[in-house]
Every structure is written in C-alpha cells, then in structure tokens.
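Subject: Structure for you to look at

Hello,

Here is the structure I promised to pass on. Please open it next to this email and follow along.

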Amino acid sequence: LDRLVKGGRLGSIRAVDVLLAVPMAPDALGSAAGAVHVYLTHACYLLLEFSGSPAAMQVDGAHWSLVDGPAGARFNDLAALLSCADVRASLRISGSIRPMAFRVAVRGTSGMAEAELFQPVLREEYLHTEGQFGPLLD
C-alpha cells in the first residue's frame, strides 16, 4: 500500500478504512485502557500514514459498545468516522466480528487498494477509460 500511495498510483487519496477484528481477552475489556485502546494506537497510525495529509485528524463521530462481552466489561467494539483535509476515514475495531481480519483500504481519485495484513493479500482496482471491459484489465 505504501508504494502505491507514495508513488501516486491511486491518485489523490480520498478515503482510508481500517478494520481490525480480533479476539479480546475478557479480563482486558473492563480496564480503563482495555483491549480496544491497545489496538487503537496501531489502527490510528495506519489512518495517519495513508491519509497523506499533515493536517490534524478530526473525529466526526464514534460509537463505543459492548457486543457479546462478559458482564462488567466496558466495551469491545469501536466504530469511528474521521476526516483530515480532503480525506475521509473509518476505523472499526471489534472483538466480535469473525473471521479475524486486519484490513486497510486506501481509495483515491485513480484507484483503490486493500490489504489484508493477517493473510498477505493485496487487491488493487484502477480507473479505466476503455469502456465497460476496462476493469478486466486489472
């Protein structure tokens, strides 16, 4: 992804999405800096790295909740929408979504790329002017 973004292959970056679906230990869910907080730093780094903008990231909305967690736990699920200059971003960290995933998608004015970091897979799509069969050229 870094090569595609810095090389300009995706054009001007307009969206970055991070999904982290991992198991969370029940004893870590109730602490003030629980499992979501532990993963949050890493996910935010990826959002900032691929947004390509030196402007500050702004949280436009966030939802924290406890989904299928043990009684007494505070949360194991976060969904957030963010913005940074012309870039919109979404961040999802969940202890209940399966299968496990760590996906980063970057969308620009000329194409998009999505990487699955647990299974080293990179999917790319680009803007074509060759008509209806242009996507087959990817």
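Which helix and which strands each supply at least two residues of the lining of the largest pocket? Helix 3 (35–51) does, and so do strand 2 and strand 3. Keep those three elements in mind while you read. One caution before the details: this is a predicted model.

**The pocket**

The largest pocket holds about 150 Å³ of space. Its lining is made of 13 residues. Leu 40, Cys 44, Val 59, Leu 82 and Leu 91 are the closest to its centre. Find those five on your screen, then step back to the whole chain.

**The whole chain**

The protein chain has 138 residues, and 37% of them count as buried. Its secondary structure comes to three helices and seven strands. Along the sequence, the pattern reads α-β-α-α-β-β-β-β-β-β. The accessible surface comes to about 7800 Å². Carbon and sulfur atoms account for 57% of that surface.

Now look at who touches whom. Take the contacts between residues at least 6 apart in sequence. Of these, 59% join residues at least 24 apart.

**Strands 2, 3 and 4**

Seven bridges link strand 2 to strand 3 in the antiparallel sense. In this pair, His 63 stands opposite Ala 79 of strand 3. Ala 79 also has a bridge partner in strand 4, namely Arg 92.

Strand 3 covers residues 77–84 and strand 4 covers residues 87–94. These two strands are antiparallel as well, with eight bridges between them. Leu 81 is bridged to Ser 90 in strand 4.

Is strand 3 mostly covered or mostly open? Mostly covered: six of its eight residues are buried.

Strand 3 and strand 4 form a hairpin, with two residues between them. Check Ala 85 in that turn. Its phi is near 55°, a positive value in a residue other than glycine.

**A cis bond**

Move on to the loop between strand 4 and strand 5, where Pro 99 is found. The peptide bond from Arg 98 to Pro 99 is cis. Its omega is near 5°.

Which strand does strand 1 join through eight bridges? Strand 1 (residues 13–21) is joined to strand 5 (residues 101–108), and the two run antiparallel. Leu 20 has Phe 102 of strand 5 as its bridge partner.

On to strand 6, residues 111–116. Strand 5 and strand 6 pair over five bridges, in the antiparallel sense. Arg 103 stands opposite Glu 116 of strand 6. This pair also forms a hairpin, with two residues between the strands.

Trp 64 lies in strand 2. Is Trp 64 buried, exposed or partly exposed? Its relative accessible area is 37%, so Trp 64 counts as partly exposed. The cut-offs explain the label: buried means under 20%, exposed means over 50%, and partly exposed is in between.

What does Trp 64 touch, leaving out residues up to four places away in sequence? Its contacts are Val 36, His 37, Leu 40, Phe 75, Asp 77 and Leu 78.

Trp 64 and Asp 77 are 13 residues apart along the chain. Their C-alpha atoms are separated by 5.8 Å.

**Where to begin**

Finish at the cis bond from Arg 98 to Pro 99.

Best wishes

Key. Residues are numbered from 1 along each chain as its sequence is written. This is a predicted model: local features need pLDDT of at least 70, side-chain atom pairs count only at pLDDT 80 or more; totals for chains, interfaces and linings use all residues. Side-chain values use heavy atoms; hydrogens and water are left out. Two strands pair if DSSP finds at least two bridges between them. Helices (H or I, at least four residues) and strands (E, at least two) are DSSP runs, numbered from the N terminus. Buried means under 20% relative accessible area, exposed over 50%, partly exposed in between (1.4 Å probe, protein chains only). Contact means heavy atoms within 4.5 Å. Accessible areas come from the Shrake-Rupley method with a 1.4 Å probe; for residues, only the protein chains shown count as cover. On a 1 Å grid over the protein atoms alone, a cavity is a set of points where a 1.4 Å probe fits but cannot get out, and a pocket is an open set with protein on both sides within 12 Å along at least five of seven lines; lining residues have an atom within 4 Å of a point. Grid points are joined across faces, edges and corners, and a volume is the space filled by probe spheres set on the points.
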